[in-house]
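This report goes through selected strands, helices, loops and salt bridges of one protein model. The sequence and structure come first.

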Amino acid sequence: MKDEYDMIVIIIGGVLIGITYIVLRKFGIGPVTIMCFSCVKMVWNWLVATSRLDAKLVWNWLVAKLSVDTASLLVEKEKVNWSKKHDLLPKAKRDFQLEQFKNFRKQLRMCYYDVEIDGHKFQQHFVTDGTWQIEFDDGKGVIIHNSPMFDEVTTDEFVLTPEVMSRVHKICGGNNYSLVLRNSEHLCRYIRSGAWISFQMARNTPLRAIFENHMSADQRKLINTMPNDLIFEEEPSDEPIYNEVGDYHVQFCQSKEILTDADNDAFNILFLGPTGSGKSTLINHLYNQDVVKAVGSASSVTRSMTYIQGEAMWSEPGKWKKFDKVNIIDSVGFCDTELPPKQVHHMIKNSVKMNMTYIDKVVITCSGRIEEPHYKAIKKFMKWLTYEDHKHNFVFIWNKCDTLSDQEKAEGLVDMSSILGTDLNMQFIAPSGYGRLDKSIKLNHCLGFAPGAPFEEVEKDLQSLKDAVFVRDVNHKRIAVDSEACAIQ
């Protein structure tokens with residue numbers, strides 16, 4: 001009797017998938033088909049649950065025989081999610097979930113368990129204290145529960161700090177799930193470190209390969225990009241850092257996390273360096289106002305790539321004046337205490353590849369002792385951005401040197417050059433049009449900008465910084481950001 005029942009299950013399953021196949025042919029892939037396919041799968045699972053058949057094997061066999069493309073169904077469902085705003089809203093359940101989160105103990109773990117949907121595997125991530133869990137679920141949104149978890153894999157351990165709690169406040173109640181743009185791994189890594197990133201959606205991963213060719217260029221740029229409602233934007237201060245600077249600085253326009261095609265013709269400057277080396281401080285001095293947050297600590301203030309746009313004025317008194325659009329990229333710091341090196345490299349590399357076609361200047365910033373993880377990370381980026389072929393495009397700054405003697409500064413430059421394998425004597429002659437004819441522009445500097453220092457103490461360093469970053473060689477060649485040539489191994 002059981003054998004006959006199993007045969008009936010197979011026949012009914014074939015009929016159900018046949019119905020879906022007809023809908024596919026008649027209406028194409030769409031919401032109706034997705035709903036139909038989901039109902040069919042639910043009925044099928046119930047039938048198989050009462051038989052002794054291996055549901056997965058039989059279902060895959062039936063699907064293969066009738067050529068139902070489950071990947072297309074998954075893509076169509078995701079297309080609906082991509083059409084929505086890149087937000088986590090609404091947050092109707094926030095207060096209730098925050099009350100639930102008070103049950104969590106201080107010691108937390110980030111974990112995952114394997115999930116398979118119609119033959120496509122991915123990891124469902126969650127944060128737990130061992131009893132309570134918070135995760136991002138497709139259909140339910142952010143959920144907090146104390147249901148038992150089985151077969152989970154722990155990937156990281158951390159402490160419930162005020163900063164972690166602040167991030168939990170921002171995500172509680174969110175329900176705008178997307179497997180590609182806003183998935184459970186994104187949410188958990190954000191809670192852990194403040195970075196919105198999913199390794200499952202990195203380049204050349206099986207999960208990303210399912211969706212990437214179905215996305216527009218602008219949609220692909222949103223992969224591993226912070227949702228809009230998680231970005232806290234402080235209004236840049238209108239107060240100049242130094243009134244004496246005059247017009248020789250970049251006029252701030254706006255900050256963005258992604259660029260559009262209209263931004264491609266700008267002069268692009270990428271800042272790279274370890275956490276706490278003072279990249280953000282240097283950027284603020286180039287704009288002569290506080291446009292990015294700058295705090296010296298072992299934990300990076302910058303947790304996402306920020307594109308600060310402005311306009312630079314070049315002039316020769318009494319002769320001519322012109323303006324250039326400028327994009328200055330403030331990157332995540334290397335060797336952050338909370339972000340693993342692999343994660344930092346992935347964030348920087350993919351953001352630059354997705355948003356930029358060319359880079360004009362690369363500013364590498366160090367301070368203090370250059371440790372092994374620092375110079376290894378820097379050398380990787382130097383190789384990726386073809387330093388050997390574009391030496392005039394690279395600026396090396398040993399920062400925070402305001403308390404050092406001239407001898408100590410000289411020795412520091414030699415050490416930095418030796419460790420990074422750079423040409424300490426690299427320079428070029430500035431062409432006419434920068435107000436300084438026949439001036440040698442050096443590309444290796446020891447600089448220091450102490451908070452609140454009078455202008456006369458920083459004037460020389462400020463001029464050196466601006467010349468090195470803004471002035472172009474007469475034979476200026478842009479660095480092409482090519483996905484094949486610029487592959488970090």
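Strand β7 (residues 267–272) is mostly covered, with six of its six residues buried; buried means under 20% relative accessible area, exposed over 50%, and partly exposed in between (1.4 Å probe, protein chains only). Helices (H or I, at least four residues) and strands (E, at least two) are DSSP runs, numbered from the N terminus. On one side of β7 the buried residues are F267, I269 and F271, and on the other N268, L270 and L272, which leaves both faces covered. Strand β11 (residues 361–367) runs parallel to β7 and is joined to it by four bridges; two strands pair if DSSP finds at least two bridges between them. I269 has K361 of β11 as its bridge partner.

N327 is located in strand β9 (residues 320–330). N327 counts as buried because its relative accessibility is 1%. The C-alpha atoms of N327 and N268 are 4.8 Å apart in space, while the two residues are 59 residues apart in sequence. Leaving aside neighbours within four places in sequence, the contacts of N327 include F267, N268 and I269, as well as L259, D263 and A266; contact means heavy atoms within 4.5 Å.

## Basis of the model

This is a predicted model, in which local features need pLDDT of at least 70 and side-chain atom pairs count only at pLDDT 80 or more, while totals for chains, interfaces and linings use all residues. Residues are numbered from 1 along each chain as its sequence is written, and side-chain values use heavy atoms, with hydrogens and water left out.

## Helices

The axes of helix α6 (residues 162–171) and helix α7 (residues 184–193) come within 7 Å and cross at roughly 145 degrees. Such axes are lines fitted to C-alpha atoms, for helices over the stretch in contact, and the angles run from 0 to 180 degrees between N-to-C directions. From α6, the residues V164, R167, V168, K170 and I171 meet L187, Y190, I191, R192 and S193 of α7. The residues of this contact divide into six nonpolar, one polar and three charged.

Helix α14 (residues 455–470) has a kink of about 30 degrees centred on D461; the bend at a residue is the angle between axes fitted to the seven residues ending there and the seven starting there. D461 is also one of the buried residues of α14, among them F455, V458, L462 and L465.

## Salt bridges

The count comes to twelve salt bridges, each being a side-chain nitrogen of Lys or Arg within 4 Å of a carboxyl oxygen of Asp or Glu. One of them joins the side chains of D138 and K77 (3.1 Å, N to O). D138 lies in the loop between β3 (133–137) and β4 (141–145) and K77 in helix α4 (residues 70–82), so this pair ties together parts that are 61 residues apart in sequence. D138 is partly exposed at 38% relative accessible area, and K77 is partly exposed at 37%.

R369 and E371 form a salt bridge with the closest N and O atoms 3.5 Å apart. R369 is exposed at 66% relative accessibility, whereas E371 is partly exposed at 35%.

## The loop holding H390

H390 sits in the loop between α12 (372–384) and β12 (394–399) and counts as buried because its relative accessibility is 13%. Apart from neighbours within four places in sequence, H390 is in contact with L385, K477, R478 and I479.

Key. Ala, Val, Leu, Ile, Met, Phe, Trp, Tyr, Cys and Pro count as nonpolar, Asp, Glu, Lys and Arg as charged, and the others, Gly among them, as polar.
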